[in-house]
Amino acid sequence: MKNKILICILISTLILISSCSHEAKEKIKEVNVYKPEGSGSMLPLIQPNSKIYAIGNSSNINTGDIIIFRSCENDLIVHRIYSMLKIQEKIYYITKGDFNKVIDNCLISNEMIEGKVIRIE
C-alpha cells in the first residue's frame, strides 16, 4: 500500500514539473531581445550596447518599471516609468531616463509600449 502511495506521489510530482517547465518555455517565447543604441540616459544601470530582454506585454506595468517604447517621434526608447496618469479612463505613462534631469516630453500610451524589461546584460 505504501509503495502505491509513493508511486502516485512520484507520478503527480513528475506531471507537475512537466507542466511547469512547459509554462516556462511558453514565457520564454514571449521575450524579445533589444540592443538599442545607447544614449546614456539610463546610466549606470544600462550601459551602451547592453542586451535588453523584455516581455511584450503592457498589462502589468507599474511606476518604477523599465519599459521599451516608441516615442512620439517613433524612436525606440528604454526608460523608467516615472508616474502614471488617467485621462478619460485611459492610462498614460510619464517616463524618464535614470540619468536624465527631466521627464520625457511625451505621454506614453499602451499602444506605444514594446515591452517591459525583465533582464539587462
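Where is the place of proline 44? The place of proline 44 is in the loop between strand 1 and strand 2. The legends below describe a predicted model.

**Figure 1. Overview of the protein chain in the predicted model.** The protein chain holds one helix and seven strands. Along the sequence, these elements follow the pattern α-β-β-β-β-β-β-β. The chain has 121 residues, and 29% of them are buried. Among contacts in the protein chain with a separation of 6 or more, 48% are between residues 24 or more positions apart. The structure holds zero aromatic pairs.

**Figure 2. The loop between strand 1 (31-34) and strand 2 (52-55), with serine 50.** Leucine 43 and proline 44 are joined by a cis peptide bond, with omega about 0°. Asparagine 49 belongs to this loop between strand 1 and strand 2 as well. Although asparagine 49 is not a glycine, its phi is positive, at about 70°. Asparagine 49 has 58% relative accessibility and therefore counts as exposed. Serine 50, with 6% relative accessibility, counts as buried. The side chain of serine 50 reaches back to the backbone oxygen of glutamine 47, at 2.6 Å.

**Figure 3. Strand 7 (residues 113-120) and its pairing with strand 2 and strand 3.** Four bridges connect strand 2 and strand 7, which pair in the antiparallel sense. Tyrosine 53 stands opposite arginine 119 of strand 7. Arginine 119 also lies over the face of tyrosine 53, at 4.1 Å from the ring centre. Strand 3 (residues 66-70) runs antiparallel to strand 7, and three bridges join the two. Isoleucine 68 has glycine 115 in strand 7 as its bridge partner.

**Figure 4. The loop between strand 3 and strand 4, with asparagine 74.** The backbone of asparagine 74 has a positive phi near 70°, in a residue other than glycine. Its relative accessibility is 53%, so asparagine 74 counts as exposed.

**Figure 5. The hairpin of strand 4 and strand 5, with glutamine 88.** Strand 4 (residues 76-87) pairs with strand 5 in the antiparallel sense over seven bridges. Two residues lie between the strands of this hairpin, and glutamine 88 takes a positive phi near 50°. Further along the pairing, methionine 84 stands opposite tyrosine 93 in strand 5. How many of the seven residues of strand 5 are buried? Five are, so strand 5 is largely enclosed by the rest of the structure.

**Figure 6. Tyrosine 93 in strand 5 (residues 90-96).** Tyrosine 93 is buried because its relative accessible area is 4%, under the 20% limit. Its side chain and that of asparagine 110 are joined by a polar contact of 3.2 Å. Tyrosine 93 and tyrosine 82 are 11 residues apart along the chain, and their C-alpha atoms are separated by 7.5 Å. Tyrosine 93 is also a member of the largest nonpolar core.

**Figure 7. Serine 109 in strand 6 (residues 108-109).** Strand 5 and strand 6 pair in the antiparallel sense over two bridges. Within this pairing, tyrosine 92 has serine 109 in strand 6 as its bridge partner. Is serine 109 buried or exposed? Serine 109 is buried, as its relative accessible area is 7%. Its side chain makes a polar contact of 3.0 Å with the side chain of glutamate 111. Not counting residues up to four places away in sequence, serine 109 touches Lys90, Ile91 and Tyr92.

**Figure 8. The largest nonpolar core, with isoleucine 108 as one of its residues.** Which residues make up the largest nonpolar core? The nine members are Ile61, Ile67, Phe69, Ile81, Tyr93, Cys106, Ile108, Met112 and Ile113. Leaving aside neighbours within four places in sequence, isoleucine 108 is in contact with Phe69, Arg70, Ile91, Tyr92, Tyr93, Thr95 and Ile113. A second, separate core has eight residues, including Met42, Ile46, Ile52 and Ala54.

Methods
Residues are numbered from 1 along each chain as its sequence is written. This is a predicted model: local features need pLDDT of at least 70, side-chain atom pairs count only at pLDDT 80 or more; totals for chains, interfaces and linings use all residues. Side-chain values use heavy atoms; hydrogens and water are left out. Buried means under 20% relative accessible area, exposed over 50%, partly exposed in between (1.4 Å probe, protein chains only). A polar contact is a pair of N or O atoms within 3.5 Å; within protein, one must be able to donate a hydrogen and the other to accept it, and residues adjacent in sequence count only if both atoms are side-chain atoms. Contact means heavy atoms within 4.5 Å. Rings of Phe, Tyr and Trp (its six-membered ring) pair if their centres lie within 6.5 Å; planes under 30 degrees apart count as stacked, over 60 as edge-to-face and the rest as tilted. A charge sits over a ring if NZ of Lys or CZ of Arg is within 6 Å of the ring centre and within 35 degrees of the ring normal. A nonpolar core is a set of buried Ala, Val, Leu, Ile, Met, Phe, Trp, Tyr and Cys residues joined through side-chain atoms within 4.5 Å. Two strands pair if DSSP finds at least two bridges between them.
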